[in-house]
Amino acid sequence: MDLSKVLEGKTPAQQITTLKSRRNCAPAPNVKKLSAQYNPDGHKINDRIYRPDKPIKEERTIVSGGVKKTEKIIVRYEEVNRAVIALQKKIVSTAVSFLFANPVTLSTGRDKKSAEILKIIDLILTKNKINSFNRRLARAVFSYKEAAEYWYPITLSASSNEYGFESKHKLRSVIWSPGKGDELYPLFDEHGDMIAFSRQYYTDDEQGKEHAYFDTYTADYFLHYEKAGGGQWEQIGEAIENPIGKIPVVYVSQEQTEWEDVQPLIERLEKALSNAGDTNDYHSSPKIFVNGKILGWAKKGESGAVIEGEKDTKAEYLSWDHAPEGVKFEFEVLLRLIYSLTQTPDISFESVKGLGNISGVALKLLFMDAHLKCYDKIETFEDVILRRLSIVRSYMGVMNNSLKKSAEEVNIKPKFTPFMIDDKKEWVETLVTANGGRPVVSQKRSVELADLSNDPEAEYNQIVEEMEKEQTYDVYGQAM
């Protein structure tokens, strides 16, 4: 599809309509609905219509048409329990941590040129705080079903050697997310290739008047549109040439949020827990059942209080003889289903405190479901990383022309390492056994791995010196 021909002869408003029309992926997310589910304050249980406060009624005598009558009227509302559980945040946070708690590592060929290019890329990514950037990107996708990252150069007033080569540019990145008010519009051709990406966003001017902006990025040029208040869309300036020949945006999406399948279960859990709270409030204060007539009550705070009643009057405390086992069972089942269906391990203190010192194999089994989910996510985010590297390498060639050819030719592979609690003792013992009982690392390396000294080299030298001194004494303690 030739985008220029598609947009040719159309007004700015018609062009924007065209650019919005071919997402060819999941519908645009309902941001208001997803934000309400993700943020505890917006949960359904807080809705006064869905869960109204309890009306308190009292009998009042009123006169109507000269006739007295007694009616029960509402005198106030008593707030009911609203147990808000931020399980959506827990599910998203755990998924992000398992995927990106360990940084993504990059590897390439062993030749010197590839190593140099990889070193530059590592510097660029490090300057953009890529580890936290990955987590924020994943959190946006898992919560709002889509996000995009945009890479752009900043022109410096003087040349800099920040990346190991002379350049007047710095490379920066930003995340666009529906949760931050960004409307994302990828445009795909008939083959499913993204040929344009657009972003619509809003700002207020000094007078509080809203301005809408629409930016479009293609492999050849960038377009910028604006609309003030209730006005019409206008293209601002001419199309800007794209220096790298590819769209500098990485778009990532998934069909649903991490909690979408269990949203009804979470709402049921909150309602059931809220109802249980109301029941506990009602039964928490002791209640006395009286069979007969009470003649007098003891005063508040009176020691040795006596309740006076007629002959054969009986008074006894009401007790809750049947514990709410059904309610407890429902809570446990709902939580188990929520964690299971979202492949989220329950690693709370209460859940793991009885496990004891379990083996590395047991740990892997404990986290197996989370790791299976993690590998599903890698299918998507591996493409994200590769697309990002392609953009960064293209910008490297623009910032320094001598790097253009080698940057495009180098083959870089990302490696994901799902989170796992280390059980190095068991792993080392396995390696030692496989090595015939011999050490698998040198003594010097073991000192470095211990990480108990600020200067491992000096620490190792000190150990060697002390060992040499010990060897200078004979078995009688005399110096040799």
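How many nonpolar, polar and charged residues are in the lining of the second largest pocket? Start with the first view for the count. This is a predicted model, where local features need pLDDT of at least 70, side-chain atom pairs count only at pLDDT 80 or more, and totals for chains, interfaces and linings use all residues. Residues are numbered from 1 along each chain as its sequence is written, and side-chain values use heavy atoms, with hydrogens and water left out.

**View A. The second largest pocket and its lining.** By class, the lining has four nonpolar, seven polar and six charged residues. (Ala, Val, Leu, Ile, Met, Phe, Trp, Tyr, Cys and Pro count as nonpolar, Asp, Glu, Lys and Arg as charged, and the others, Gly among them, as polar.) Of the 17 lining residues, Gln-256, Thr-257, Glu-258, Lys-373 and Lys-377 lie nearest the pocket's centre. Two elements, α6 (130-144) and α11 (368-399), each give two or more residues to this lining, and the largest share, five residues, comes from α11. The space inside is about 340 Å³. (On a 1 Å grid over the protein atoms alone, a pocket is an open set of points where a 1.4 Å probe fits, with protein on both sides within 12 Å along at least five of seven lines; lining residues have an atom within 4 Å of a point. The volume is the space filled by probe spheres set on the points. Helices, H or I with at least four residues, and strands, E with at least two, are DSSP runs numbered from the N terminus.)

**View B. Lys-373 meets Glu-258 in a salt bridge.** Here the N to O distance is 2.9 Å. (A salt bridge is a side-chain nitrogen of Lys or Arg within 4 Å of a carboxyl oxygen of Asp or Glu.) Lys-373 sits in helix α11 and Glu-258 in the loop between β12 (249-253) and α7 (263-284), so the pair ties together parts 115 residues apart in sequence. Both residues are buried. (Buried means under 20% relative accessible area, exposed over 50%, partly exposed in between, with a 1.4 Å probe and protein chains only.)

View C. Arg-48 is partly exposed at 42% relative accessible area, while Glu-79 counts as exposed at 54%.

**View D. Lys-127 reaches Glu-162.** This salt bridge spans 3.8 Å, N to O. Lys-127 is in helix α5 (residues 112-127) and Glu-162 in the loop between β4 (146-160) and β5 (167-176), 35 residues apart.
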